[in-house]
Structures are given as C-alpha cells and as structure tokens.
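Visitor: I'm new to protein models, so please walk me through this one, one feature at a time.

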Amino acid sequence: MTGEAAYHEAAPGESHGPDAAPGEARAPDAAHRDEVDRIVAAWYRERPDLDTAPMQVLSRVTRLARHLDLARRGAFARHGLAMWAFDVLSALRRAGAPYRLSPGALLTQTLVTSGTMTNRIDRLAAQGLVRRRPAPGDRRGVRVELTAAGLQRVDAALADLLDSERRLLRGLSDDDRATLAGLLKVLVTPFETPPEALSDERVDPSGAPAGPAAPTGPAAPTAPPDAL
C-alpha cells in the first residue's frame, strides 16, 4: 500500500479502531487531515526508517507562527508601527511608570546589537514616541522613556493585537488554551533568559553599579554601556 494509505496503515504508534490502547495515537480521518498530516505521510512513505513524530508537533508550531506573524504585522501596521518598534515600546510599557529603561535593559529584552538599538531609539525619538533622559547619578548614562504619544500608540496596538490573537485561538476552549499554554511553556523554557538577567543594572560586591546585565541566551548580545 502506498501514499497516505500507507501512513494510516503502518505509521508507528497509530491505530484506526476505537479499541486503541490508552495513549496510542490514532491516524486522523480524511475529514480532519491537514497539510502537516499529508507532509508526514509523504515522509513516512519515503523514509519509513525515521521517526517523523516530532513533525506532527513542530511543523504545526511553525505554520501557526507564520499566521501569528502576519496577524501581528497587520495589527501593528494599523497603528503605524513596525514589529521592531512595538518590541521597544512594549518593553518600556511593561516596565511600568515612568516607563523608562536603560539601553542595556532594552538590549537584553529585544536581543539586538547596540548599534541596532541606537538606530531604533533614534527613529522612535524622531517620531516623538520615546525620549532620552539623563540617568540619575550618572552624567554619561541615559534612560529611554515613553512619551505620552508612545504610551497611547503602544496601548492601542496591543489591544488590536490581542483581538487578532483571540481570533486565532477561537477554536479552543479555555481549558484547551490553558493546556496548550502549559505544554508550550515546557518546550520553550530551556531557551529562555533567566529573569534575573533582565534586571536594569547589576551590582558588584562593592555595591557599585556594574552596568546592564548581560543576557545568557545562546544568541544574546553583549550589553554595552548605558550611553546609547
């Protein structure tokens, strides 16, 4: 037997009947098959020696990420923001009043280089969405702060984004959403930056500020002085 039929007959861990053992995956019936099912079936046909089970999860995560990316870009564009601009503005918004962070903290949260962050701050400042303030007790350092216009823009964009994301999840019950969130958390946690690395400044044993915390993730940039 060839093609998708072979996938349903022989793919490891699958069963057709209602008497499948507990925990045993069933093959999707034709009415509920999606593109990932067809891709996995083709790979199983061509490479039956390989375990293609991870594709059932991660290929769907990848495809969903594409739809989420489009939804986010659309939500931000409706408010005159690119994704990078929302990243910076939302980091400042989450910091709470007075919505101010060091450039080093912004680097840690957005994972870009110091040159890129300088350019982004300049562009947002030119639009009147952020401003630079002197850092307290440091004549050379600065803090980046949301303006009233920036606060209004990021709040409106966030509300629009959440509406779009709710539409993406409308096929799931509240319980299903909670279960999915928990499972995805298990997968993503090993790649996350520890919360202590997100602090605005570190302090060395002498009590003197040691500058912004350096990210610990695999692709994390080195944080520069807070003078961007």
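Guide: Let's start with Y99, which you'll find in the loop between α4 and β3. Labels like these come from DSSP runs, counted from the N terminus: helices are H or I over at least four residues, strands are E over at least two. This is a predicted model, where local features need pLDDT of at least 70, side-chain atom pairs count only at pLDDT 80 or more, and totals for chains, interfaces and linings use all residues. Residues are numbered from 1 along each chain as its sequence is written, and side-chain values use heavy atoms, with hydrogens and water left out.

Visitor: Okay, so what is phi of Y99 near?

Guide: Here's the general idea: most residues other than glycine have a negative phi, and most peptide bonds are trans. Y99 has a positive phi, near 60 degrees, and Y99 isn't a glycine. P98 sits in that loop between α4 and β3 too, and the peptide bond from A97 to P98 is cis, with omega near 10 degrees.

Visitor: And what is phi of L111 near?

Guide: Near 55 degrees, a positive value again in a residue other than glycine. To find L111, look in the loop between α5 and α6.

Visitor: Now the sheet. In what order do its three strands come?

Guide: To read a sheet, follow who pairs with whom; two strands pair if DSSP finds at least two bridges between them. Here the order is β3-β5-β4, the sheet is open, and the pairing is antiparallel.

Visitor: Which strands stand at the edges?

Guide: β3 (100-101) and β4 (130-135) do. Each has a single partner strand, so one side of each has no neighbour in the sheet. Trace the antiparallel pairing of β4 with β5 (residues 138-146) and you'll count six bridges.

Visitor: At what angle do α4 and α6 pack?

Guide: Helix α4 (residues 83-94) meets helix α6 (residues 114-126) at about 85 degrees, and their axes are 11 Å apart. Angle names go by cut-offs: under 35 degrees is roughly parallel, over 145 roughly antiparallel, 65 to 115 roughly perpendicular, and the rest oblique. Therefore α4 and α6 count as roughly perpendicular.

Visitor: Which residues make that contact?

Guide: A contact means heavy atoms within 4.5 Å. From α4 come W84, A85, V88 and L89, and from α6 come M117, R120, R123 and L124. Sorted by class, the contact of α4 with α6 has six nonpolar, no polar and two charged residues. (Nonpolar is Ala, Val, Leu, Ile, Met, Phe, Trp, Tyr, Cys and Pro; charged is Asp, Glu, Lys and Arg; the others, Gly among them, are polar.)

Visitor: How far apart are the axes of α5 and α6?

Guide: They're 10 Å apart, and helix α5 (residues 103-110) packs on α6 at about 110 degrees. That angle makes α5 roughly perpendicular to α6.

Visitor: Which residues of α5 meet α6?

Guide: L106, L107 and T110 do, and on the α6 side they meet S114, M117 and I121. This time the contact, α5 with α6, divides into four nonpolar, two polar and no charged residues.

Definitions and conventions:
Axes are lines fitted to C-alpha atoms, for helices over the stretch in contact, and angles run from 0 to 180 degrees between N-to-C directions.
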